[in-house]
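Reader: I have a structure to go through with you. Can we start with the ground rules and then take the details?

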Amino acid sequence: MQPFSTHTGIAAPLLVDDMNTDQIAPFLPSRSLKDDYKVMLFNRARFREDGSEIADFVLNKPQFRDAGILVTGNNFGAGSSRESAVWSMLANNIRVIVAKSFADIYRENCLQNGLLPIVLDADIADAFIARVVAVDGKAPFTVDLKTQRIGGPGGPDVAFEISGADRTRLLEGLDDIGMTMKHVNEIVNWEQQAAEAQPWLQEAADSRR
């Protein structure tokens with residue numbers, strides 16, 4: 001996956017709670033999934049059945065068409081575990097989602113694919129949302145994962161928390177396999193030590209065969 005260090009973009013306010021993955025990335029049976037993650041994002045909210053745009057949806061407004069940051073409410077990404085709800089964000093160049101809370105599986109899918117999920121406490125989130133609404137897409141915000149701060153118009157930098165393991169994963173562009181391979185030498189050493197200490201285990205039949 002693509003490493004994440006800093007990201008600068010327009011912040012689009014989608015101020016709803018409990019947005020589920022079917023709303024984020026609805027199944028489009030008439031289209032090819034491989035080529036359509038960009039169109040898939042919020043498809044039912046963005047487009048009418050005839051394909052025309054719904055003008056008042058936030059990402060269809062002129063100032064937010066190229067938004068790189070999504071700002072939203074509580075329990076974002078509830079529902080099924082479909083990864084297309086993350087892939088469709090990335091296909092639209094959204095690399096950061098700032099929310100009051102995330103559904104656990106959706107947050108993990110974000111981390112596995114190089115999208116930074118930021119949780120802000122309610123008071124801080126409300127103040128940041130007010131800044132995003134006030135600037136109305138006229139100036140960008142910058143998210144810096146190294147310093148764990150969000151900078152932009154309308155106020156001071158906002159600090160955010162993220163675990164050390166998740167921060168490393170994003171900075172280095174590592175999925176679960178990549179994180180495991182960082183410890184390959186320790187794994188090999190343990191296997192060698194186990195083989196020497198318990199050689200009879202190496203001759204045991206594999207019950208899976």
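Author: Contact means heavy atoms within 4.5 Å. This is a predicted model, where local features need pLDDT of at least 70 and side-chain atom pairs count only at pLDDT 80 or more, while totals for chains, interfaces and linings use all residues. Residues are numbered from 1 along each chain as its sequence is written, and side-chain values use heavy atoms, leaving out hydrogens and water.

Reader: What share of contacts between residues at least 6 apart in sequence join residues at least 24 apart?

Author: 63% of them.

Reader: How many helices and strands in the protein?

Author: 10 helices and 8 strands. Both are DSSP runs, numbered from the N terminus: helices are H or I with at least four residues, strands E with at least two.

Reader: What percentage of the residues count as buried?

Author: 41% of the 209 residues. Buried is under 20% relative accessible area, exposed is over 50%, and partly exposed is in between (1.4 Å probe, protein chains only).

Reader: Which residues of α7 are buried?

Author: D166, R169 and L170, in a helix covering residues 164–172. They sit on the same side of α7, because their arc around the axis is only 90°. That arc is taken from the directions from the helix axis to the C-beta atoms.

Reader: What follows α7?

Author: G173, with a positive phi near 70°.

Reader: Switching to L90. Where does it lie?

Author: In helix α4, residues 84–91. L90 is partly exposed, at 23% relative accessible area.

Reader: What is L90 in contact with, leaving aside neighbours within four places in sequence?

Author: R95, N113, G114 and L115. C110 is 20 residues from L90 in sequence, and their C-alpha atoms are 9.7 Å apart.
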